[in-house]
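Subject: Handing over the structure

Hello,

Please have it open while you read.

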Amino acid sequence: MKSLPRNARIRGEPYLPNRFIFGDAVDEQGLEGAEYLVHTESPAFVCRLVGNDDTDFPGRERDGLASAMLYDEEESLTVYVCNLRLRLFDFNFYDEIEPSVGELQDICDEAMRVYQRLHKAYADRDAAGPEPREMRIGPTKPLPPAERQLAVGKLAEQARQAVGKPMEGAQLAAAVQMALLAGDQAVFTEAQLSLVSEPAARQLLVNSARDAVAFPEVMRKDGNVMSFELWALPFAFSRSQGGVWWHFPRLESLEVALADALEVPEKSILWISPTLFTVDMLNERACQDLVQLAPVMDAGCDFAPLDPESSRATFDAARKTVEPQLVMSWIPFLVERGALPPERARRLARRALDASMPLVQQAVAAEMEYGEAELFAPLPWWEALSSGMRAWNRKRLGISVALLATSQGGIEKLEAVAEYQPEIQGYEVGLRLKGSDEIAARVPWLVVPDVAPDRDACWRDLADCLKEAGIPLSQSVARLH
């Protein structure tokens, strides 16, 4: 395209505008209190439109559209009113001949019918939600046993060689990224387990995987590289029905509100993932599939940790059952690297929660029934997992302890015994009276989801919590026969 000289004549477009155009306007103080109606055909005019008008006129109580043209003698203004509680005024005509009162009333009546259709179209669009985006599932490609063992050994050896060597450390980070993207979860898991006796190498390997998830680099088709940080809003809720759904397209509306609340610079990226992650979903793949999240979101698609169709069918079947449950989950979002300093996020956390909670509730309620809900402050990904899980564990244990202590005469009469349950990725805590073998209440205390879940840290956290409460804790070890 070429630039036009300042004195060039502008060619008109053959496309005719809509006969009635409704819209807002701004002045120096901001958005005006009235909308505007533009009538583009003869007699062409512009007027103002306001709602909540209760002006009385003959026929106001009649069924269907009823209207009247009134004259305000004090202001010398012609005013159109109707029983839709709408008023048109400040008519400005652009033709040489102005219409009669009857002609103008007929045009305004038609405008009000169009206005009703316009609002119905808006309501239908809002009810339908955003346009569905492509759902992409992360690859799941188990390697043959021989190839897997070769890949495991190679990755573990690279970790050993990278200890204390920055150059080899960079190569290890790339190797870990490739291993996680390849889709065989066992490669990284077995590699880090094989290094249990070499803590320095194992920690380096685990940290590389955590960084790959928390600080993703995305290579775009044009060759540019985008650097992101992964954050999350921990979200807890209750359900009286079975099953939990995980994809909520309306969460997209949270992006602008959250970015404004956290004062993210205007030209910086903040993208919300409409896919919510539960503890079970994270534990199923040991958080490894999160490495797919940034490239999928950067491509304008939604990430699917599970097959959407089969997952939806399972949810629809489970929701017909009565199964009260408390659910801990996380809503991830990507921020351009450096656009959201942690200290600013902490300072603006309350404002972010106030802006986010109504939108999160609307998005979730559109897809799934839920009871009470609680949203926690936004944090970088691994901090969000840790703080959210710690808070959730303490809340559930605290409620059970309080109820039991009230019925048994005090917290000093209680003791706890915990046994690790692999199927729930955590400890089952049994509460009982001192000196009794009968368990009075059972509460799960879950391990924080991670690429390498730390069972020992989970036990220490549980022990510290009960120590603060003054409740003795012992561990029960399952014996295999």
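Below is what was found in it, taken one region at a time.

This is a predicted model, in which local features need pLDDT of at least 70 and side-chain atom pairs count only at pLDDT 80 or more, while totals for chains, interfaces and linings use all residues. Residues are numbered from 1 along each chain as its sequence is written, and side-chain values use heavy atoms, leaving out hydrogens and water. Helices (H or I, at least four residues) and strands (E, at least two) are DSSP runs, numbered from the N terminus.

Let me begin with β11, residues 225–241. Of its 17 residues, 13 are buried, where buried means under 20% relative accessible area, exposed over 50%, and partly exposed in between, with a 1.4 Å probe and protein chains only. Two strands count as paired if DSSP finds at least two bridges between them. Here are the partners of β11:

- β10 (residues 217–219) pairs with β11 in the antiparallel sense over three bridges, and E217 stands opposite S227. Five residues lie between the strands of this hairpin, where G223 has a positive phi near 95°.
- β15 is joined to β11 by 13 bridges, again antiparallel; V322 in β15 is the bridge partner of Q241.
- β16 (residues 373–375) is antiparallel to β11, with three bridges, and F235 has L375 as its bridge partner.
- β17 (residues 379–380) runs antiparallel to β11 with two bridges, and W231 faces P380 there.

Next comes helix α6 (residues 254–261), in which L254, E255, L258, A259 and A261 are buried. These residues cover an arc of only 165° around the axis, so they lie on the same side of α6; the arc is that of the directions from the helix axis to the C-beta atoms. V256 and D260 are exposed, on the face turned away from the buried side. Among the elements covering the buried residues are β11, β12 (270–272), β15 (322–336) and α11 (349–365). Just after α6, E263 takes a positive phi of about 55°.

Two other helices are worth a look together. The axes of α3 (residues 166–182) and α5 (residues 199–214) come within 9 Å and cross at roughly 65°; axes are lines fitted to C-alpha atoms, for helices over the stretch in contact, and angles run from 0 to 180 degrees between N-to-C directions. Contact means heavy atoms within 4.5 Å. On the α3 side the contact is made by L172, A173, V176, Q177 and L180, and on the α5 side by L204, L205, S208, A209 and A212. S208 is buried, with a relative accessible area of 11%. Leaving aside residues up to four places away in sequence, S208 touches L172, A173 and V176.

Finally, there is an open sheet of four strands, ordered β20-β19-β18-β21, with mixed pairing. β20 (441–446) and β21 (473–475) are at the edges with a single partner strand each, so one side of each has no neighbour in the sheet. Neighbouring strands are turned by 30° against each other on average, direction ignored. β18 (residues 414–421) and β21 run parallel, joined by three bridges, and A418 stands opposite Q475. Helix α12 (residues 381–408) packs on this sheet, touching β18, β19 (426–433) and β20. Helix α13 (residues 455–469) packs on the sheet too, touching β18, β19, β20 and β21.
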